[in-house]
Amino acid sequence: MNHLGYKAMCENRYKTENKEFIEQAFQKLYKRGWLAGLAPSAITEADIAKFERKHRIKLPELFKAYLTSYQFQPFRRSISGIMIAGLICQNDEAKTIKLDTLEWYWIENISELSDALNCFREEAREWDISKEKYKNLLPFGYMDGWYCLDLNQLNQNIKTQENDSPVVLLRYGDNWTDFLDKEGFLHGEEVAPSFRTMLEWYFCGSLEKEYEKLNQVTVNYEFYQSWLHRIFKVVNLDEK
């Protein structure tokens with residue numbers, strides 16, 4: 001097999017693996033109680049190609065699989081998406097597991113992703129940062145700031161994360177110029193090593209067993225809802 005043939009074979013394998021992982025992630029999110037159902041996404045690969053040309057950005061294959069898989073069907077919709085609580089691994093020396101929440105954008109069509117991207121870029125311009133230095137940040141959620149894929153730092157080392165990238169947070173109220181690298185590219189506070197990891201944390205609940213052992217609690221949908229009620233007291237988040 002020549003080099004081009006081998007490359008095509010690998011790309012097809014990665015594409016299949018990504019689709020399988022996204023399918024499993026959404027199924028787990030549904031079984032864990034966060035979704036009322038699963039409906040196929042209306043976004044096509046042609047939509048994504050048009051989006052990439054329009055915004056001069058290249059989406060990772062895993063994120064493409066995410067966009068073209070399912071639409072969120074939550075019991076209750078938040079302002080612009082679905083609020084999901086999860087257990088994440090804090091990026092400190094102790095690798096602390098903590099409760100957190102994120103509003104994942106409800107993207108029913110590709111124009112809504114364009115709207116989110118344009119809104120983020122408008123805020124970035126307010127910091128007098130040139131477009132070439134922030135154009136490879138792609139927002140997919142919000143909670144006290146923008147959660148973005150940092151496409152300037154594509155992960156090419158782990159086969160199952162081919163074309164995946166770190167997730168960074170640019171908080172509301174922070175000085176964004178503090179997150180410029182030596183070449184002037186905007187990044188952010190890294191909150192996860194990859195988008196796959198975010199899905200494992202929030203959709204699959206990958207840290208729940210460890211958290212249960214450490215804290216002697218049972219982690220389930222009701223556990224998260226109880227915590228969310230304490231944070232957002234005015235919202236009946238578990239009403240179905």
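Reader: Hi! At what angle do the axes of helix α2 and helix α4 cross?

Author: They cross at roughly 25° and come within 10 Å, with α2 covering residues 45-55 and α4 residues 110-125. Helices here are DSSP runs (H or I, at least four residues), strands are E runs of at least two, and both are numbered from the N terminus. This is a predicted model, where local features need pLDDT of at least 70 and side-chain atom pairs count only at pLDDT 80 or more, while totals for chains, interfaces and linings use all residues. Residues are numbered from 1 along each chain as its sequence is written, and side-chain values use heavy atoms, leaving out hydrogens and water.

Reader: Thanks! Are α2 and α4 roughly parallel or roughly perpendicular to each other?

Author: α2 and α4 are roughly parallel, a label for angles under 35 degrees.

Reader: Which residues in α2 and α4 meet?

Author: From α2 come Asp-47, Ile-48, Phe-51, Lys-54 and His-55, and they meet Ile-110, Leu-113, Ser-114, Leu-117, Asn-118 and Arg-121 in α4. Contact means heavy atoms within 4.5 Å. By class, that contact has five nonpolar, three polar and three charged residues.

Reader: New topic: what lines the largest cavity?

Author: Its lining is Phe-26, Tyr-66, Leu-67, Tyr-70, Gln-71, Phe-72, Tyr-105, Trp-106, Ile-107 and Glu-108. A cavity is a set of points on a 1 Å grid where a 1.4 Å probe fits but cannot get out, and lining residues have an atom within 4 Å of a point.

Reader: Which elements give two or more residues to that lining?

Author: Those are α3 (61-67) and β2 (70-71).

Conventions: Axes fitted to C-alpha atoms, helices over the stretch in contact; angles between N-to-C directions. Parallel < 35°, antiparallel > 145°, perpendicular 65-115°, else oblique. Nonpolar A, V, L, I, M, F, W, Y, C, P; charged D, E, K, R; others polar. 1 Å grid on protein atoms, 1.4 Å probe; cavity = no way out; pocket = protein on both sides within 12 Å on 5 of 7 lines; lining within 4 Å.
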